[in-house]
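Here is a short briefing to read beside the model. Keep the sequence and the 3D view open as you go.

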Number of protein chains: 2
Amino acid sequence: MGAQTVKLGHVEPLPPLFRRIADELRAKIRSGELAPNAQLPTQAELMRQYDVSDGVIKAVMRTLASEGLIQARRGAGTFVKARPTRQRLPRSWWRPARGGSPFLQDMAAHGMHGSWAFDSETVQASPEIRDRLGLDEPDSELPDVMRTAYTFMADDEPVQLATSYEPWALTKGEPIAYPEAGPHAGQGVVERMAVIGITVTHWSEVVSARPASTVEAQALKIGAGALVLTIERTYFAETRPVETADIAIPVDRYEIVYGAPVREASGE
Amino acid sequence: MGAQTVKLGHVEPLPPLFRRIADELRAKIRSGELAPNAQLPTQAELMRQYDVSDGVIKAVMRTLASEGLIQARRGAGTFVKARPTRQRLPRSWWRPARGGSPFLQDMAAHGMHGSWAFDSETVQASPEIRDRLGLDEPDSELPDVMRTAYTFMADDEPVQLATSYEPWALTKGEPIAYPEAGPHAGQGVVERMAVIGITVTHWSEVVSARPASTVEAQALKIGAGALVLTIERTYFAETRPVETADIAIPVDRYEIVYGAPVREASGE
DNA sequence: TCGAATTTGTGCGTATGTATC
DNA sequence: GGATACATACGCACAAATTCG
């Protein structure tokens, strides 16, 4: 049963020059003819080889760079990006109800050393965050969420940016009001909520991707416009959202892994 | 006395022109001053407004387009992209051991009509696929995997490309050898494997993102180079991989959702 | 239906800035 | 400092798609 190709009555026009050249170079990279870390011919050299103007070659370079295949270093040259078996950031289906920071657990399970920096303050939530947390319109200027910005590091390399939001109405005056201060600092949302009698029952993560913003690129030490995976994570106690977070992960160095068991049907 | 050069600490250089202009336009879009579906000034107009050359404006447009904020239509103009509340593709933690195609179930659960096209053939696996399936080097020219290429549609719009690989050694001669033929056509991997006595115990999905290839862009009806989320899915029977698939999903129209319960610690 | 005007896409050539070797 | 190499910017020409009288 081979592939079926149906030719309709119209001719595909040739792709533009820069795309055809990009295709050629991409093939050479994938085939290994251009090995990882090898230097590509200089742009001037490529202009001669293909007999095109510099604009075309630059478009080719932009294309391949946006695919993460090459990296240009000003003054040095353009190099095939080594694909050093991207680190995997496990996001376990299994989120234990006790046991400390999920991030540290995941890191430890994979032999990495995790650490983080943070910054907490109470603010008024944006409409989107209000929606995700199921909050009403604020009727005053008072803050309605605790916002905490995290930078997570694995082996001293930044791997995640996260901004977490918790309804201030839930945690105000509680010992866990500041996620990273007090006796329960550094623990996960599940554990901290348990302290104030809230049982987190499930979580949801919405995964997407986009180019990094300027600030994200700086914080993650990646090039401007490099891709990041984005995760909107929300923890629920039954139907009520109790925490939500925006997470950004650079896609060229890390990939994320989900997994779960397959089970016979049962009540839940 | 000769001229003295005094270094006053370190001055951040201004971002390049095209980036500053892109920042300005991005802000106008986010603030709503440029509403969704509104037409941007033409490139010629922008050249006058900012008093820059056409190359700069084109770079600005490329930048914003790559961020998914605008979309240019040749001959017509450039428009702010409406963000039509992206459809969510649920990827349930819960994969029932019985019940037919997971894709159809997910679609039905969200009130969409799912359908798909496919093409199966036996081939020799690439080294990467061999690695994911735990297969040995082939010692002949004989095929070692069944490859099936799928195009999944939701409400007649392509939403996923998937290429599935199953070890031929497992399924050769079995009634489920061809995933989409015979009495068990259209069922999920879990169910089909059960037919030949293999119990799928868990799954793993590695999520990443990259620009779409030319063929992917055509199949998904998206622009060349638009972003796709990629998933490497593998089903396991205990420790043995029994199926793996490469999945591509356009990021501008769909986002994927994972979720699971939080539970007290127990054996598994 | 047709053609002209408009608008974006591709390509060419040149000049200058800046980082690296 | 000099040579090399990529990044940014200017300006022009033409192609391709759309719009509109």
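**A buried arginine and its partner**

B:Arg132 is buried, at a relative accessible area of 12%; buried means under 20%, exposed over 50% and partly exposed in between, with a 1.4 Å probe and protein chains only. This is a predicted model, in which local features need pLDDT of at least 70, side-chain atom pairs count only at pLDDT 80 or more, and totals for chains, interfaces and linings use all residues. Residues are numbered from 1 along each chain as its sequence is written, chains are lettered from A and ligands numbered from 1 in the order in which they are written, and side-chain values use heavy atoms, with hydrogens and water left out.

- B:Arg132 pairs with B:Asp246 in a salt bridge, 2.9 Å from N to O. A salt bridge is a side-chain nitrogen of Lys or Arg within 4 Å of a carboxyl oxygen of Asp or Glu.
- B:Asp246 sits in strand β10 (residues 240–250) of chain B and B:Arg132 in helix α5 (residues 127–133) of chain B, so the pair ties together parts 114 residues apart in sequence. Helices (H or I, at least four residues) and strands (E, at least two) are DSSP runs, numbered from the N terminus.
- B:Asp246 is partly exposed, at 30% relative accessibility.

**Other salt bridges**

- Over all chains, the count comes to 22 salt bridges.
- B:Glu243 and B:Arg233 form one of them, with their closest N and O atoms 2.9 Å apart. B:Glu243 lies in strand β10 of chain B and B:Arg233 in strand β9 (residues 227–237) of chain B, so this pair ties together parts 10 residues apart in sequence. Both B:Glu243 and B:Arg233 are buried.
- In chain A, salt bridges with shared partners join A:Glu128, A:Arg132, A:Glu232 and A:Asp246 into one network.
- B:Arg210 meets B:Glu216 in a salt bridge, also 2.9 Å from N to O. B:Arg210 is partly exposed at 31%, and B:Glu216 is buried at 13%.

**Around DNA strand D**

- How many residues surround DNA strand D? There are 21, and the closest include B:Leu17 and B:Ser53. A residue is near a strand if one of its heavy atoms lies within 4 Å of it.
- The residues of this surface divide into 8 nonpolar, 7 polar and 6 charged. Ala, Val, Leu, Ile, Met, Phe, Trp, Tyr, Cys and Pro count as nonpolar, Asp, Glu, Lys and Arg as charged, and the others, Gly among them, as polar.
- Of the atoms of DNA strand D within 4 Å of the protein, 72% belong to sugar or phosphate.
- A polar side-chain atom of B:Ser53 lies 2.9 Å from a phosphate oxygen of DNA strand D.

Conventions: Polar contact = N/O pair within 3.5 Å; in protein donor to acceptor, adjacent residues only side chain to side chain.
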